[in-house]
Amino acid sequence: MDPLLLVAEWWWIAPSAVAVGTVGVIGVNRRNSTVSGRRLAVDAARHDLRSAQQVAAERRTAWKIARADLTRISAERAAQRASAEQVAAARRMLRERERDAKAAAADVRARQVRLNAARAAIPAASAPRPLERLQAEHDSVIARWMRYETDPALQIGYPAMTDVKRPETAAYLRAADHAKEMRRAATGRVTPAAFGAYRDAVAELERAFEVAEHAAKVQAGEATTIPAWQDAAQDVLSRSAEAIDRAAGVAASALSAWTSRRRPGKPDDRS
């Protein structure tokens, strides 16, 4: 066969092979990254997001059902086939299902943010893996706790930190046991679910330590307590400020639109 005809007939093989090779390299790199644990935090965050989305969908459905039930019972009440108590109970159920659905939607948004953060924090090939970083965080909290266990001066200054009868200390110890258990489960070929459970356990351990340490400092006279009503009041003020900001933004947009329609020099449409 003429070499020129052969080249003309099979010219597409080389580019196709290059393309297939490129896709294969990308797939191998991604697979190696997953096996090495570099994408473990991403996979766990994606797993959490999917679970949160499923819960949100279920709660939205429950909210719709509760709304339909209230409509039905209200109609039966109008026909004198249901009591006022049944209508009130259905209304309470609707409010509860609405709160659940909104909380689930907020959780989905938070999980999406965590997924984006995990994607942005994928470590380089030479950097510590997510599991190694998580174990280091776990070890750091334990080391902070052990200072209160082993330093005589700290034991005398903050006795509440080692008093197992204190609810804050007891909560920390429970969190420490749980984190230890989750760390033991996150060994070998770690699944995203196991990594996520360990990650959440370490986060809870750190929160429990902060609470216990603050309580110990309050007992030692080095910190003050913040009453729960102050937290609630601050939350109300924050929500009110957000509502005012939104209302002001809407009003400003409406005023701007009205002004643009009635610019100086523009004849009045009603004249």
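The side chains of Asp-43 and Arg-46 form a salt bridge with an N to O distance of 3.2 Å; the term salt bridge denotes a side-chain nitrogen of Lys or Arg within 4 Å of a carboxyl oxygen of Asp or Glu. Because Asp-43 and Arg-46 are three residues apart in helix H3 (residues 40–78), about one helical turn separates them. Asp-43 and Arg-46 are both buried, where buried means under 20% relative accessible area, exposed means over 50%, and partly exposed covers the range in between (1.4 Å probe, protein chains only).

The model is predicted: local features need pLDDT of at least 70, side-chain atom pairs count only at pLDDT 80 or more, and totals for chains, interfaces and linings use all residues. Residues are numbered from 1 along each chain as its sequence is written, and side-chain values use heavy atoms, with hydrogens and water left out.

## Further salt bridges and the network

The structure holds 16 salt bridges. One of them joins the side chains of Glu-96 and Arg-97 at 3.7 Å, N to O. Glu-96 counts as partly exposed at 35% relative accessibility, and Arg-97 is partly exposed with a relative accessible area of 25%. Another salt bridge links the side chains of Arg-166 and Glu-168, at 3.7 Å, N to O. Arg-166 is partly exposed, its relative accessible area being 23%, and Glu-168 counts as partly exposed at 23% relative accessibility.

Salt bridges with shared partners also connect Asp-48, Asp-107, Arg-111, Arg-114, Arg-199 and Asp-200 into one network. Arg-199 is located in helix H8 and counts as buried, at 13% relative accessibility. With neighbours within four places in sequence left aside, Arg-199 is in contact (heavy atoms within 4.5 Å) with Ala-44, Ala-45, Asp-48, Arg-111, Arg-114 and Leu-134.

## Overall architecture

The secondary structure of the chain consists of nine helices and zero strands. Helices (H or I, at least four residues) and strands (E, at least two) are DSSP runs numbered from the N terminus. From the N terminus on, the elements run α-α-α-α-α-α-α-α-α.

Of the 271 residues in the chain, 23% are buried. Among contacts with a separation of 6 or more, 71% are between residues 24 or more positions apart.

## Packing of H3 against H8

Two packed helices are described by the angle between their axes and the distance between the axes. Axes are lines fitted to C-alpha atoms, for helices over the stretch in contact, and angles run from 0 to 180 degrees between N-to-C directions. The axes of H3 and H8 cross at roughly 90° and come within 8 Å. H3 is therefore roughly perpendicular to H8; angles of 65 to 115 degrees count as roughly perpendicular, under 35 as roughly parallel, over 145 as roughly antiparallel and the rest as oblique.

On the H3 side, the contact is made by Leu-40, Ala-41, Asp-43, Ala-44, Ala-45, His-47 and Asp-48, and on the H8 side by Pro-192, Ala-193, Phe-195, Gly-196 and Arg-199. By class, the contact of H3 with H8 has seven nonpolar, two polar and three charged residues. Ala, Val, Leu, Ile, Met, Phe, Trp, Tyr, Cys and Pro count as nonpolar, Asp, Glu, Lys and Arg as charged, and the others, Gly among them, as polar.

## Packing of H7 against H8

Helix H7 (residues 167–185) packs with helix H8 (residues 192–219) at an angle of about 160°, and their axes are 8 Å apart. H7 and H8 are therefore roughly antiparallel to each other. Residues of H7 in this contact include Glu-168, Tyr-172, His-178, Met-182 and Arg-183, while those of H8 include Tyr-198, Glu-204, Leu-205, Phe-209 and Val-211. The contact of H7 with H8 has 15 nonpolar, two polar and three charged residues.

## The loop between H3 and H4

Ala-82 lies in the loop between H3 and helix H4 (84–120), and counts as buried at 9% relative accessibility. Not counting residues up to four places away in sequence, Ala-82 touches Ile-73, Glu-76 and Arg-77. Ala-82 and Arg-72 are ten residues apart in sequence and 9.8 Å apart in space, C-alpha to C-alpha.

Gln-80 also lies in the loop between H3 and H4. Gln-80 counts as exposed, at 74% relative accessibility. Phi of Gln-80 is near 65°, a positive value in a residue other than glycine.
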